[in-house]
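The following note sets out points for a colleague who is reading the model alongside its sequence. Each numbered paragraph takes up one topic.

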Amino acid sequence: MAKANDIPSAFSETLVEAGARYSGVVVLNADLADSCKTEAFCDAFPERAFDLGVAEQSLPTFAAGLALVGKIPVYNTFAVFAVHRGFDMIRQSVAYNRANVKIIGHAAGQSMGYAGPSHHTIEDLAAMRALPNMVILCPSDAEETRQMIWWMVEYEGPVYLRLTRASGPPIHAPGYKFELGKTELLVDGRDVSVFSTGDLVMLSMELQGKMLAEGISVQVVNVPTLKPLPPQEIIRHAQHTRAALTIEDHNIIGGLGSAVSEIYAEHVMRPVKRLGIPDTFTESDDCDVLREAYGISVERAAQAIHSLLDQ
Amino acid sequence: MTDYKNIPDMPLKTPLDPLKDQLAIRDLQLAALAIRRKILYMGHRNRIKLHYGALLSMVELVTTLYMHWLNIAPEFPDWPDRDRFVLSKGHGAPALYIALWMRGFFPESNFDGFRRLHSILQGHPDHLKTPGVDCSSGSLGQGMPVSCGMALGAKVDDAPYRVYAYMSDGECNEGSIWEAAQIASNLGLDRLTVIVDWNRKSSYGFMEGRNDIEPLCDKWLAFNWEVFECDGHDFVSISRALFEADAVQGRPSVVLAHTVKGKGIPYVEFYETKAHILLTQEKYEECLTHLDQIEEKIING
């Protein structure tokens, strides 16, 4: 059977495989097993799958309890609820206990376009980055999703996996291997480094082609680990270009743009521009329409690159 | 791998009989007295305000659990089959620390650094720093839901241990408690006993007419829990409630323990509102004299 090329299906399939290999994996849902694509796991391992009901602040606490008695709990709901509804529970019961809890934030960013701002997750990276002991992963395609799930289940400690609903052709070269904290150079370039994460890495690739046609050499870097992000993993790319652009489906405050800017300010000292949601609550529409409206598009990225190079 | 072969046999977990178990009860009374003395000493020696009211209302319950009930092995704090204890009212940490020290989880010298930098004894329980602490706590309304997760793990593994959570009555104001209570009964978590320290005062004073939780018994019954009540300062009553709670099948149990805030130290007991106080030398000595008199009564029968 051909493997799925969309992130949610890759998650669904790999979770079942991981559950088959590791009997400690326990899946918690909050009335959204269908939307989170965990039904396959529930069917395969009904004795290790529990639906807590519409009770999202209990996901982190129940998961922490399971982890503290040796299980590998994986809890699932939309990212906006997975992180924010029970954030104090994540802080106190998961991160402070260093409990082996896997938090899956589904349909992150503006993935749930039409549902509107109540269901858009624009501040999860900011909140989670500030938590000690927390690992934050954000896959760019189906293959990276699969690798992250295997890594996450084998790692002992809290992990936040931020998933979008994207699908598309594979981004990574055959044989690519995800490693915690490592950035991935997808295309080398001399003028501007473009750092992006999640499904917006696809947009960066498109941007690179467009700029090349204009004679501008763009370096494309995938940042799959938002935390920990060792400075060297940014510096080693930054030293070859004149400026940086960050692209993310998140508020420009506190996410990838902030993480990269922090490293540039302390170590690189070259100009940085951040593309993302400009510190505003979003609105309802198709995800792509919304991204474009908030400046997350190839066109706006190209403008940003021109202004960076004019500086 | 740790060798767990030397774990002592499971305690009998039997209710105490007021006639047949007189000696055991006297030992528990003396242990409770020692815990009260140490609570006063911890606050006085370190010149810090402690939640004396909240701590003193826990003493008999914590004594029963740690000296008579919990199946634990201090020499193997991580023994996978041990009973779990979660102090959901994290501000009761000093009482828990004293019980853990008395059972031999760590040496007494650790009390010198209580609440200080690099100490294993933090202001609130820290699972990663203190041997014997099964879960960090301090943000009210979380330890109880975490204990539900532990009981779910015990059920998935068909493990031999039981999970005990210790809550304050003020904590029943937290919505997270009732969310977890509903889930726990839906999942049939019968390896779980939640103890509510029902002293009728929260931090700011009496709860009646302000942040009332009544009818508390009916609330737990409505959430499909098995409910038991006991006198939280009477070892016989406590042990009977724990015994009955342990025997319940198919649903979780709650023990509503009637307690008195500041119990055993008249100066604290009669504090109208806040019992989060600093003891003067004079008051400290007065409290100790009172405890000496109680001890004499216990010894002389």
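This is a predicted model: local features need pLDDT of at least 70, side-chain atom pairs count only at pLDDT 80 or more; totals for chains, interfaces and linings use all residues.

1. In what order do the five strands of the open sheet in chain B stand, and is the pairing parallel or antiparallel? The order is E2-E3-E4-E8-E7, and the strands of this open sheet pair in the parallel sense. E2 (84–87) and E7 of chain B are the edge strands; each has a single partner strand, so one side of each is left without a neighbour in the sheet. From one strand to the next, the twist averages 20 degrees.

2. Strand E2(B) is joined to strand E3 (residues 163–168) of chain B by four bridges, in the parallel sense. Opposite Leu87(B) stands Tyr166(B), a residue of E3(B).

3. The scores are ipTM 0.95 and pTM 0.96. For chain B the mean pLDDT is 93, and 95% of the residues of that chain reach 70 or more.

4. The overall form of chain A deserves a separate remark. Chain A contains twelve helices and twelve strands. Its C-alpha trace spans about 60 × 40 × 35 Å along the principal axes. The radius of gyration of chain A is 19 Å, which agrees with the value near 19 Å for a compact globule of 311 residues. Of those 311 residues, 58% count as buried. Among contacts in chain A between residues at least 6 apart in sequence, 79% join residues at least 24 apart.

5. Helix H1 of chain A covers residues 7–21. This helix of 15 residues reaches 21 Å from its first C-alpha to its last, close to the 21 Å expected at 1.5 Å a residue. The buried residues of H1(A) include Ile7(A), Phe11(A) and Leu15(A), and also Glu13(A) and Thr14(A). Against which elements do the buried residues of H1(A) pack? They pack against E1, H2, strand E3 (72–78) and helix H7 (142–154), which belong to chain A.

6. Helix H4 of chain B, residues 93–102, has nine of its ten residues buried, and therefore this helix is largely enclosed by the rest of the structure. Among the buried residues are Pro94(B), Leu96(B), Tyr97(B), Ile98(B) and Trp101(B). The partners against which the buried residues of H4(B) pack are helix H1 (22–45), strand E1 (50–51), helix H2 (52–56), helix H3 (59–69) and E2 of chain B. E2 of chain B is also an edge strand of the sheet in point 1. After H4(B) comes Gly104(B), with a positive phi near 90 degrees.

7. How many residues of each chain take part in the contact between chain A and chain B? The contact involves 25 residues of chain B and 26 residues of chain A. On the side of chain B that touches chain A, helix H5 (143–157) and helix H6 (175–186) are the elements that give two or more residues. H5(B) gives the most to that side, with ten residues.

8. Most residues other than glycine have a negative phi, and most peptide bonds are trans. The bond from Lys227(A) to Pro228(A) is cis, with omega near 0 degrees. Pro228(A) is placed in the loop between strand E10 (225–227) and helix H9 (232–238) of chain A. In chain B, the bond from Glu214(B) to Pro215(B) is also cis, again with omega near 0 degrees. The loop that holds Pro215(B) runs between strand E6 (205–206) and helix H7 (216–222) of chain B.

9. Two residues with a positive phi close the list. Asp31(A), although not a glycine, has a positive phi of about 70 degrees. Asp31(A) is in the loop between strand E1 (25–29) and helix H2 (39–44) of chain A. Why does Asp31(A) count as partly exposed? Asp31(A) is so classed because 14 C-beta neighbours lie inside 10 Å. In chain B, Asn224(B) has a positive phi of about 70 degrees and is not a glycine. Asn224(B) is found in the loop between H7 and strand E7 (226–231) of chain B. With 15 C-beta neighbours inside 10 Å, Asn224(B) counts as partly exposed.

Technical notes: Residues are numbered from 1 along each chain as its sequence is written. Chains are lettered from A and ligands numbered from 1 in the order in which they are written. A residue is buried if 20 or more other C-beta atoms lie within 10 Å of its own, exposed if 12 or fewer, and partly exposed in between; C-beta atoms are placed from the backbone. The radius of gyration is taken over C-alpha atoms; the globule rule is 2.2 Å times the number of residues to the power 0.38. Two residues are in contact if their C-beta atoms, placed from the backbone, lie within 7 Å. Two strands pair if DSSP finds at least two bridges between them. Axes are lines fitted to C-alpha atoms, for helices over the stretch in contact, and angles run from 0 to 180 degrees between N-to-C directions. pLDDT is the predictor's confidence in each residue, from 0 to 100. The expected span of a helix is 1.5 Å times one less than its number of residues.
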